[in-house]
Amino acid sequence: MIDLYSAGTPNGWKISIALEELGLEWTFHPINLSGGQYAPEFLAISPNNRIPAIVDQDPGPGRKPMSLFESAAILQYLSEKTGKLLPKDPDARWTAIAWLAWQVAGLGPMLGQNGHFKLYAAEKIPYAMERYQNEAERLYRVLDGQLGRTGAFLAGEDYSIADIACFPWIITHKAQGFTLDDYPNIKRWFTEIRGRDAVQRGISLGGGKPTGGPPRDEKAREILYGIKPKVATQGE
């Protein structure tokens, strides 16, 4: 049994999709992102106070329950636990791992910043909006190019954790200002993956839509976005 501590976000969907694809038994423990990520019991398994995190209650004979944080590590762990979702061929396996690393280092952070400054930031900063939009467009072109080269999935013929890592970030393409008609290889890939039954079950976590949106009050905004509260100066 895997305990998943998460929320309905692209990072969270990576793990719920993988758990469904792998056919593992799992229990969902929702984390309220307006403060729940700082609860001591969550920090005990995710010291970086970010979702997702898991606890594997049965990691193997003679082993105690194991907790793990960071989505890329969790995906690799689950893949190795089951022997699935990574190609057996060494070249294809390392290609999949490279694209997994690309997602956590580039696609996720840059699309996250693009979405933040475009959709959620209280102050619209043209420089930030242009910078992250341009970088998001570049990453879309990189992804489209790789999928055009393989004609299938990111590492070749085999669907892998690299695809599972990247796919949820493309779910938000319309909100991010993209049309997949401009990226035919992504469109083909995205349509195929979205049609998988396990993927549909995985993204049902959180109702199939990104959790939250703009926080409803200033305190929640400070917590979610890591903003230091304003300190009143003398005379205010």
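Start by selecting Asn49, which at 16% relative accessibility counts as buried (under 20% relative accessible area; exposed is over 50%, partly exposed in between, with a 1.4 Å probe and protein chains only). Asn49 has a positive phi of about 45° although it is not a glycine, and it sits in the loop between helix 2 (40-43) and strand 3. Helices (H or I, at least four residues) and strands (E, at least two) are DSSP runs, numbered from the N terminus.

A word on the source: this is a predicted model, where local features need pLDDT of at least 70, side-chain atom pairs count only at pLDDT 80 or more, and totals for chains, interfaces and linings use all residues. Residues are numbered from 1 along each chain as its sequence is written, and side-chain values use heavy atoms, with hydrogens and water left out.

Stay in that loop and pick Pro52: the peptide bond from Ile51 to Pro52 is cis, with omega near 0°.

Next, select strand 3 (residues 53-56). Ala53 and Val55 point one way, Ile54 and Asp56 the other, and all are buried. Strand 1 (residues 2-6) runs antiparallel to strand 3, joined by four bridges, and Ile2 stands opposite Asp56. Strand 4 (residues 66-69) also pairs with strand 3 in the antiparallel sense over four bridges (pairing takes at least two DSSP bridges); here Ala53 faces Phe69.

Move on to helix 1 (residues 10-22): 12 of its 13 residues are buried, so the rest of the structure largely encloses it. Just after helix 1, Gly23 takes a positive phi of about 70°.
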